[in-house]
Structure formats: structure tokens, C-alpha cells
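Open the model in your viewer and follow along. Each stop names a selection and tells you what is there.

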Amino acid sequence: MRALLPLLRTGWGWRAGPPAAARLPRGKSAGPGPHGAMAQAFYRTEERGQLYSPDYRLFFKNVAGHYISPFHDIPLKVDSTEENGIPTKRARNDEHENLFNMVVEVPRWTNAKMEIATEEPLNPIKQDIKNGKLRYVANIFPHKGYIWNYGALPQTWEDPHQKDKSTDCCGDNDPIDVCEIGSKVLSCGEIIHVKILGILALIDQGETDWKIIAINVNDPEASKFHDIDDVKKYKPGYLEATLNWFRFYKVPEGKPENQFAFNGEFKNKAFALEVIKSTHECWKTLLMKKCDGGAISCTNVQVCGSPFHCTQEEARSIVELVSSSPNKGSKEEEQVWHFLGK
């Protein structure tokens, strides 16, 4: 336990392998599923606790069955080596540089605000809690829940101490968000390959909260989409609905309408790629302890040489701690659970 405490406070990581698997009950392993054997082969997920409860956690595993962090251990970019030479479906050669991994947090048409737990070791997905209550987004007429598959790009971080040159606001202290506009309803915890199409700059309580617009490369219509203008052409009204959704989704909670940089204009792919590059550099700085990460947990298992590198044995111990009731008679375990927010 004593050896685990430094890892539970902070950690620093770097690298990983490829796409996703469906959610698995505790102790189950991934098998064939609707998203294809190739996607299933790389990442698995494992549930701990009851869904829609404060104790629910969705942990991630790599192809070897070892626990990893979806925030730090899954690579940002999709590269050919990670798929053992198997070409990504419908990905044109000239678009290969525009392929990124996305961690799906919230499936389309659902309301539970699921998110990567940035302040917990190994960063499992959990349901956000505010004022002691589990968070659900309101239905913004005429829509039900989130109107895209919503998630994040791994290995990115919007630095709360660094002002964005284009918005003049600091970051929101999270990985960069993604709205995936494809036709499939995806699963929480799924890792997919996406093409970047554009970006929206939401200003949330004075913080920059970028929203990437992307499409699943395996979507039947993905070959039509190469930039933000293609969304306007082939999905008319979708960008307008996206702007309105982000403008109003907090109003039912008694909050004011959200604001946007650039008067709510969606910027193109080239602009979006520069923002992603910048947030990836901020993430590197965070992991190398060259900036103040605050309460962010950077514990990882795939970055050799990292000062807070976590072994597989320690990762398993962390997961078991999250899944078991702490012994309140132990001062050290109380410290661990205080860190975990229990």
C-alpha cells in the first residue's frame, strides 16, 4: 500500500496500442461483436460497480489484458504499425495523417454524462456528479440526449493555465472533446478511428472548451466527408443543431446560455488539426511534469522511463482498491480513498 501512494497521487505516461471493444462485465473477456473482430482485438473494457451509480467505473485493458489509462496510454494518432499492417477501412492514403483515436464516453441519444475520470488513477470512465447528484443532460427540443456520439481524443489536454491565442481564454483542464457525427450509435468505452472535419470554440464560464467535429472512418458515409463544408453539404442543419445544443444545454439547470468564440463559426479541418497539435503538446508537458497539473492523475502503464510509471501489478492493485470497500482503520487506505474521492 505504501508503495502505491505516490502513483495514486500523480503519474506520468506515454504510448499504447489500437481500437476498441464493447463494454464487458467484470471478469469477462471480449468476443465477436457488432463492431468487428479487428476493433475487438485491441482494447477491452471492464465494468466495476453498478451502472448509473456513484460507484460505477469502466476500466480499460490493452490487447494483453493489462489495465491501461484511456487518457494517457491510448495513442492520439492512428499509425500503420499499430494495426499490424491491416489497412483501416475506407481510409484514403492521402488522409492517413488525419486519422485519430477517439474514446467514446457518451453514446448518441443518451443523457447520462459519462466522462473520463481525469483525477483518478488509470482514468476510468465514470458518471459525473454535481452537488452530490449524478448528472444527466436535459433534452434540448426536439432532440433526445446527446445528438452525436460524444467523447475525447486521448493524449490531449486543454491547459487551464495557458491562454489560447485565438480565444483569449485558458483551457478547461480536460482532454479535447469530440462530436462524432456518423450514422452508428456507438458504445460507452468504444475506441474508434475518426477523421477530423472541423472545430467549434465553446466558451464555458470563461474557459475554452473546444469541440472537434469528426466522423468514424468505418461509417458507411465516411468517404464523403473530408472537411467542415462536407458536413454542411451532406448533413444540412446538423452544425446549426450542434451550435444550438451547446448554447442551451445548461439553461434547464438555471445557467445562462453558453457563448462561443468566432461568433459561433465552425472552423475547418486545418484549424482543428492545429488545435489538436497544441493540446497534444500541452499533454506532453503535463506528463513530463513541466507544468502544474493540479489534481490531474497521469498514472500510466505504457510509458517506460516515466518517473511515475505504473507496473501491471500496481495497476491491478489500483483497480482492486476502487472495487473494494476500504478498511477505515488503516490510515494509509484512508489516504488512498480520500485521493480517489471516496
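**Whole chain**

Start with everything shown: the chain has seven helices and 14 strands. Helices (H or I, at least four residues) and strands (E, at least two) are DSSP runs, numbered from the N terminus. This is a predicted model, where local features need pLDDT of at least 70 and side-chain atom pairs count only at pLDDT 80 or more, while totals for chains, interfaces and linings use all residues. Residues are numbered from 1 along each chain as its sequence is written, and side-chain values use heavy atoms, with hydrogens and water left out.

Of the 342 residues, 54% count as buried (under 20% relative accessible area, with a 1.4 Å probe and protein chains only).

**Strand E2**

Select residues 57-61, strand E2. Five of its five residues are buried. In a regular strand, side chains alternate between the two faces of the sheet. Here Arg57, Phe59 and Lys61 lie on one side and Leu58 and Phe60 on the other, all buried.

Two strands pair if DSSP finds at least two bridges between them. Find Arg44: its bridge partner in E2 is Lys61.

**Largest pocket**

Select Lys113, Glu115, Asp128, Arg135 and Asp174. Of the 40 residues lining the largest pocket, these are the closest to its centre. The pocket holds about 920 Å³ of space. A pocket here is an open set of points on a 1 Å grid over the protein atoms alone, where a 1.4 Å probe fits, with protein on both sides within 12 Å along at least five of seven lines; lining residues have an atom within 4 Å of a point. Volume is the space filled by probe spheres set on the points, which are joined across faces, edges and corners.

Colour the lining by class: 16 nonpolar, five polar and 19 charged residues. Asp, Glu, Lys and Arg count as charged; Ala, Val, Leu, Ile, Met, Phe, Trp, Tyr, Cys and Pro as nonpolar; the others, Gly among them, as polar.

**Second largest pocket**

Which residues lie nearest the centre of the second largest pocket? Select Gln162, Asp164, Lys165, Trp210 and Ser278, from a lining of 19 residues. About 340 Å³ of space lies here. Finish on helix H5 (269-287). H5 gives the largest share of this lining, six residues.

Terms used:
Buried < 20%, exposed > 50% of the residue type's maximum accessible area, 1.4 Å probe, protein only.
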